[in-house]
Amino acid sequence: MKKYLWLVAFFVLQVSFAQNKVTTYYFIRHAEKVDDSKNTNLSEMGTERAKIWNELFSNINFDAIYATDYNRTLQTVTPTALSQKLSITKYNPKMIDIESFKKENLDKKVLIVGHSNTIPNFVNQIIDQNIYTDIPENTFGNLYIVTIVGEAINYQLLKLR
């Protein structure tokens, strides 16, 4: 009888662990831009930062990469997309359905690139809290990491140079 109880307990534990899928989101703002025009390119410094992001992310195997449809965001994430052989999915931060986004990316590692005023809001929506404010205009090294395991949500902000 004990043997069967242990077998049932083992099975229950396996099922409960299997249901806890791990989803990790990495959020960054686009790198430094040439000027303040609407769809500007990255500056030389921004191009270097895009390479640094690629190096930083080289040990993370992303399942999906998202960027807004602007030159500066696409140029920021292109080195990482190319090195990981992934396409970039364009998104509109004003039109995103957070619950659908979460379902589509369940159990994945996802990189999201946006803007000083969209990334903090996107993170806040994912964690369902209002913690992060707009990124200062001269700050380009914030990395927000959100990990969701079952119902537990962990988040952190790393400030890189």
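Where is the place of Leu160? Leu160 sits in the segment after β6. We will come back to that residue.

A word on the model. This is a predicted model, where local features need pLDDT of at least 70, side-chain atom pairs count only at pLDDT 80 or more, and totals for chains, interfaces and linings use all residues. Residues are numbered from 1 along each chain as its sequence is written, and side-chain values use heavy atoms, with hydrogens and water left out.

Now the layout. The chain has five helices and six strands. Helices (H or I, at least four residues) and strands (E, at least two) are DSSP runs, numbered from the N terminus. Read from that end, the order is α-β-α-β-α-β-α-β-α-β-β. Of 161 residues, 40% count as buried. Buried means under 20% relative accessible area, exposed means over 50%, and partly exposed is in between, with a 1.4 Å probe and protein chains only. Take contacts between residues at least 6 apart in sequence: 64% of them join residues at least 24 apart. A contact is heavy atoms within 4.5 Å.

Next, helix α5, residues 119-127. Seven of its nine residues are buried. These are Ile119, Pro120, Phe122, Val123, Asn124, Ile126 and Ile127. What do the buried residues of α5 pack against? They meet β1 (22-29), α4 (98-104), β4 (109-114), β5 (142-149) and β6 (152-159).

That brings us to the core. A nonpolar core is a set of buried Ala, Val, Leu, Ile, Met, Phe, Trp, Tyr and Cys residues joined through side-chain atoms within 4.5 Å. The largest one has 19 residues, and Tyr25, Phe27, Ile112 and Ile126 have the most contacts inside it. Two or more residues each come from β1, β2 (64-67), α4, β4, α5 and β5. Helix α5 gives the most, with five residues. Apart from this core lies another, of 15 residues, including Trp53, Ile65, Ala81 and Ile145.

Look at Phe27. Leaving out residues up to four places away in sequence, Phe27 touches Ile112, Ile119, Phe122, Val123, Ile126, Asn142, Leu143, Tyr144 and Val146. Tyr144 also has a bridge partner in β6, namely Leu157. Strands β5 and β6 run antiparallel, joined by eight bridges. Two strands pair if DSSP finds at least two bridges between them. Their hairpin has two residues between the strands, and Gly150 there takes a positive phi near 60°.

On to backbone angles. Most residues other than glycine have a negative phi. Which way does Asp128 go, positive or negative? Its phi is positive, near 60°. Asp128 follows α5, in the loop between α5 and β5. Asp128 is exposed, with a relative accessible area of 67%. Lys85 also has a positive phi, of about 55°. Lys85 lies in the loop between α3 (71-83) and β3 (88-90). At 75% relative accessibility, Lys85 is exposed.

Last, the surface. The chain exposes about 10,000 Å², with carbon and sulfur atoms supplying 54% of it. Accessible areas come from the Shrake-Rupley method with a 1.4 Å probe; for residues, only the protein chains shown count as cover. Back to Leu160. Together with Leu56 and Leu158, Leu160 makes a nonpolar surface patch of about 220 Å². Patches take residues with over 30% relative accessible area and no salt bridge, joining like charges within 9 Å and nonpolar side chains (Val, Leu, Ile, Met, Phe, Trp, Tyr) within 5 Å. A salt bridge is a side-chain nitrogen of Lys or Arg within 4 Å of a carboxyl oxygen of Asp or Glu. Leu160 itself is partly exposed, at 37% relative accessibility.
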